[in-house]
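Please keep the sequence and the structure in view while reading.

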Amino acid sequence: MRRALFAAVAGLLAAATLHGPAPAEEVRISVGSFNMNNLPFPLTRSLGFYEAEGLDVTTENFSSGGSKVLQALVAGSTDIAVGFYDHTIQMQAQNKDVVAVVLLARNSGLVLAAGKEATFDPAKPETIKGAKIGITAPGSSSDFFVRYYLDHHGLSAGDVSIIGVGSGASAVAALERGTVDLLVNYDPAATLIEARGAGRIVIDSRTDAGAETVYGGIYPTSALYTTRQFLEQHPETVQKVVNATVRTLRWMAAHSPEEIYDKVPSDYVVGDRASYVAAIAHARTLFSPDGRFDPATLETPLRVLRQFNEAVQAAPIDLSKTYTNAFVDKALAQYTQ
């Protein structure tokens, strides 16, 4: 019997040696832009946390903005999207079930910058009339920012020209060249604008106080979301992605801006080291410490969208269906055991 047992064990070992380790599980994740709110996503790859979960992540970057990523998700050409939480509300209004599974950025991070020749004075909202305003892309959260601001002050999109200019260096260049008079964008663009003397920040929602002024509350933004169909068909894959992401958020909270910079992939960096480190420092309060969604803050993007988005205005939105903390809670449980 012992010989038979040894033979069986030897056979298993030989099979394992022959076939090698199990192949990594493939998953497609797309990101809308290289803005600072999305920074935990490329860090997760560079830190090796996807690999540690047994994942082979294929990444596609739609530098034109999160709305393109959303289209890819709904079309089935990507599995998980890195975009803004408010897109899940939009999709529910269109009878599409999209669920956010982990929060990256707990606040907006958007700024409104004015070029050198701009005459807009935020103390006089009507002075924005006639301005060419740069956003990342139509249908993006920077677009929502502009439309909410206009509507909130009794103005309309027809009073200005809204132009998609992308994010990062291309957005800053648009402001420098005068292609746009005003620019709504995120860090690192916001920090680069000031570092290069390309303009000035006139409205800043990177801080909690700024978000309160602009939106009337904290505005959760960057998240990983997927379709409910993918979530229900591949819960283990989603859990692995969330595990890796939560690990990254905890790592970021424990490291300095300089240490974080050293792990940022080179193709994600905009500007020089000093500017990018400064941008990370500005964004520290944006990043979620644990990836959980706070139901109370989700009311803010809903309220903002309902002010100007007709589809959201007409739809009975159930916020509880736009997100889940189940995967994050399971990921966090490993740190409390």
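## Strand β3

The model is predicted. Strand β3 covers residues 80–84, and five of its five residues are buried, so the strand is largely enclosed by the rest of the structure.

## Partners of β3

Which strands pair with β3, and in what sense? Strand β1, residues 25–31, pairs with β3 in the parallel sense, over three bridges. Within this pairing, isoleucine 29 stands opposite isoleucine 80 of β3.

Strand β10, residues 222–227, runs antiparallel to β3 and is joined to it by four bridges. Glycine 83 has alanine 223 of β10 as its bridge partner. As a general point, side chains in a regular strand alternate between the two faces of the sheet.

## Leucine 55

Leucine 55 belongs to strand β2, which spans residues 55–61. Is leucine 55 buried or exposed? Its relative accessible area is 6%, and since the limit for buried is under 20%, leucine 55 counts as buried.

Beyond its neighbours within four places in sequence, leucine 55 is in contact with Ala24, Glu25, Val27, Tyr50, Thr237, Lys240 and Val241. Leucine 249 lies 194 residues from leucine 55 in sequence, and the C-alpha atoms of the two are 18 Å apart in space.

## The chain as a whole

The chain has 16 helices and ten strands. Its radius of gyration is 22 Å; a compact globule of 337 residues would have a value near 20 Å, so the two agree. Along the principal axes, the C-alpha atoms fill a box of roughly 90 × 45 × 35 Å.

Of the 337 residues, 53% count as buried. Taking contacts between residues at least 6 apart in sequence, 80% join residues at least 24 apart.

## Surface and charge

How much accessible surface does the chain have? The total comes to about 14700 Å², and carbon and sulfur atoms account for 52% of that surface.

The chain carries 28 positive and 35 negative charges, and the mean positions of the two sets are 4 Å apart.

Key: Residues are numbered from 1 along each chain as its sequence is written. This is a predicted model: local features need pLDDT of at least 70, side-chain atom pairs count only at pLDDT 80 or more; totals for chains, interfaces and linings use all residues. Side-chain values use heavy atoms; hydrogens and water are left out. Helices (H or I, at least four residues) and strands (E, at least two) are DSSP runs, numbered from the N terminus. The radius of gyration is taken over C-alpha atoms; the globule rule is 2.2 Å times the number of residues to the power 0.38. Buried means under 20% relative accessible area, exposed over 50%, partly exposed in between (1.4 Å probe, protein chains only). Contact means heavy atoms within 4.5 Å. Accessible areas come from the Shrake-Rupley method with a 1.4 Å probe; for residues, only the protein chains shown count as cover. Lys and Arg count as positive and Asp and Glu as negative; His and the chain ends are not counted. The place of a charge is taken as NZ of Lys, CZ of Arg, CG of Asp or CD of Glu. Two strands pair if DSSP finds at least two bridges between them.
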